[in-house]
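Subject: A structure for you to look at

Hi,

Here is the structure I promised to pass on. Have a look at it first, and then read on for what turned up.

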Amino acid sequence: IATLQRAMDLGINLFDTSSNYGKGHNHQLIGKAIKGKRDQVVIHSKLGTIRPDGKTQVAGSPEHIRNSTEGGLKRLGIDCMDVICISRVDPNFPVEEQVGAMAELVKEGKTRYIGISKSLTPELLDRAWKVHPVVSMQDEYSLFVRDPEAKLLAAARSHGMAFMGFAPLGRGILAGLFHSRDEIPEGDERLIDDRYSPENIDANLKMVGALEDMAGEKGVSVSALVLAWLIHQPGQVIPIPSSKSRKHLEENAKAASLKLSAEDLSRINAICPAGALGASNHERNRAGAAR
């Protein structure tokens with residue numbers, strides 16, 4: 001709670017949460033942190049997945065969308081979400097039906113806006129917009145995962161939407177969290193992530209080292225540098241890094257005021273060009289394409 005309140009003191013005003021995080025406990029913590037300060041924050045809450053056995057399953061029925069939203073409002077102790085967002089487009093329901101369910105909640109005053117995350121294509125987005133405006137989309141985006149640059153960023157710009165990039169620190173590697181594979185704790189899922197694999201990690205860490213040198217020249221952490229790179233991308237790109245400690249929070253927040261010149265951006269892209277990362281397996285974890 002103190003960390004969330006420190007974020008607000010630093011000017012961070014977007015909290016990305018989910019009805020799944022901590023089985024709803026995350027909502028309760030945020031509710032306590034924002035009590036008396038509701039007007040200072042934008043609550044972006046994802047829904048549309050369940051974890052009955054610890055593994056994420058897509059659940060995009062209109063009933064689930066409604067129940068997740070109404071349950072989230074109770075846990076947060078607020079009357080209206082700012083944005084509700086489908087975590088994954090459910091292939092078992094037409095996207096129009098899922099967006100329509102969220103649109104009903106807008107009409108009822110239970111959310112101001114709606115968004116979509118993952119399993120998204122420009123074609124699905126066009127279909128969604130025919131039902132109701134969508135203010136944001138969310139997918140993995142970082143210096144090491146550049147997939148959205150192919151189509152999704154352009155689609156977001158064409159609709160005047162924000163693009164929220166999750167895992168903007170490459171699941172820790174771009175934060176300088178690890179400098180060898182041996183530093184990754186046993187049982188950590190990163191051990192099965194291709195960017196940390198024995199055949200890729202040395203080359204990837206060499207790029208991180210060059211980024212750390214550049215960050216040092218600017219007097220910031222490498223995490224602040226790579227988050228600033230995202231913020232400087234065309235359109236409205238909003239990185240959503242995990243900040244589990246106040247130290248990391250304060251380091252990451254410096255990205256908002258870090259100005260990068262065209263030369264800086266070129267240097268970063270030269271250090272870590274698109275496609276340079278040893279292949280990530282994040283695509284394998286996506287849900288199937290929706291109808």
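Leaving aside its neighbours within four places in sequence, which residues is histidine 132 in contact with? They are Val99, Ala103, Val106 and Ile114. To find the spot, go to the loop between helix H5 (122–131) and S7, where histidine 132 sits. While you are there, look across to serine 180: the two residues are 48 apart along the chain, and their C-alpha atoms are separated by 47 Å.

One thing to keep in mind throughout is that this is a predicted model.

**The whole chain**

Let's step back for the overall picture. The chain has 10 helices and nine strands. Its radius of gyration is 19 Å, close to the 19 Å that the globule rule gives for 291 residues, so the chain is as compact as a globular protein of that length. If you put a box around the C-alpha atoms along the principal axes, the box comes out at roughly 50 × 40 × 40 Å.

How much of the chain is tucked away? Of the 291 residues, 49% count as buried. As for charge, you'll find 37 positive and 36 negative side chains, with the centres of the two sets 4 Å apart.

**A buried glutamine and a partly exposed arginine**

Is glutamine 98 buried or exposed? With a relative accessible area of 0%, glutamine 98 is under the 20% cut-off, so it counts as buried. Look for glutamine 98 in helix H4 (residues 95–107). If you skip residues up to four places away in sequence, glutamine 98 touches Gly60, Ile65, Ile86, Arg88, Val89, Asp90 and Phe93.

Now try arginine 38, in the loop between H2 and strand S2 (42–47). Arginine 38 has a relative accessible area of 25%, which makes it partly exposed. Again not counting residues up to four places away, arginine 38 touches Ile43, Ile78, Cys80, Met81 and Asp82.

**Two positive phi angles**

Most residues other than glycine have a negative phi. With that in mind, check lysine 23, whose phi is near 55°, a positive value in a residue other than glycine. Lysine 23 lies in the loop between strand S1 (14–18) and helix H2 (25–33), and at 80% relative accessibility it counts as exposed.

Arginine 171 also has a positive phi, near 60°, and is likewise a residue other than glycine. You'll see arginine 171 in the loop between strand S8 (162–166) and helix H7 (201–218). At 35% relative accessibility, arginine 171 counts as partly exposed.

**Aromatic pairs**

How many aromatic pairs are there? The count comes to three. In one of them, tyrosine 141 and phenylalanine 163 have ring centres 5.9 Å apart and planes at 85°, so the pair is edge-to-face. Tyrosine 141 is in the loop between strand S7 (136–140) and helix H6 (152–158) and phenylalanine 163 is in strand S8, so this pair ties together parts that are 22 residues apart in sequence. Both tyrosine 141 and phenylalanine 163 are buried.

Phenylalanine 178 and tyrosine 196 make another edge-to-face pair, at 5.9 Å centre to centre and with 80° between the planes. Phenylalanine 178 and tyrosine 196 each lie in the loop between S8 and H7, so the pair ties together parts that are 18 residues apart in sequence. Phenylalanine 178 is buried, with a relative accessible area of 6%, and tyrosine 196 is buried too, with 0%.

To finish your tour, find Tyr141, Phe163 and Trp229, which ring pairs link into a cluster.

Terms used:
Residues numbered from 1 in each chain as written. Predicted model: local features only at pLDDT ≥ 70, side-chain atom pairs only at ≥ 80, totals over all residues. Heavy atoms only, no water. Helix = DSSP H or I, 4+ residues; strand = E, 2+ residues; numbered from the N terminus. Rg over C-alpha atoms; globule rule 2.2 N^0.38 Å. Buried < 20%, exposed > 50% of the residue type's maximum accessible area, 1.4 Å probe, protein only. Lys, Arg positive; Asp, Glu negative; His and termini not counted. Charge placed at Lys NZ, Arg CZ, Asp CG, Glu CD. Contact = heavy atoms within 4.5 Å. Phe/Tyr/Trp six-rings, centres within 6.5 Å; stacked < 30°, edge-to-face > 60°.
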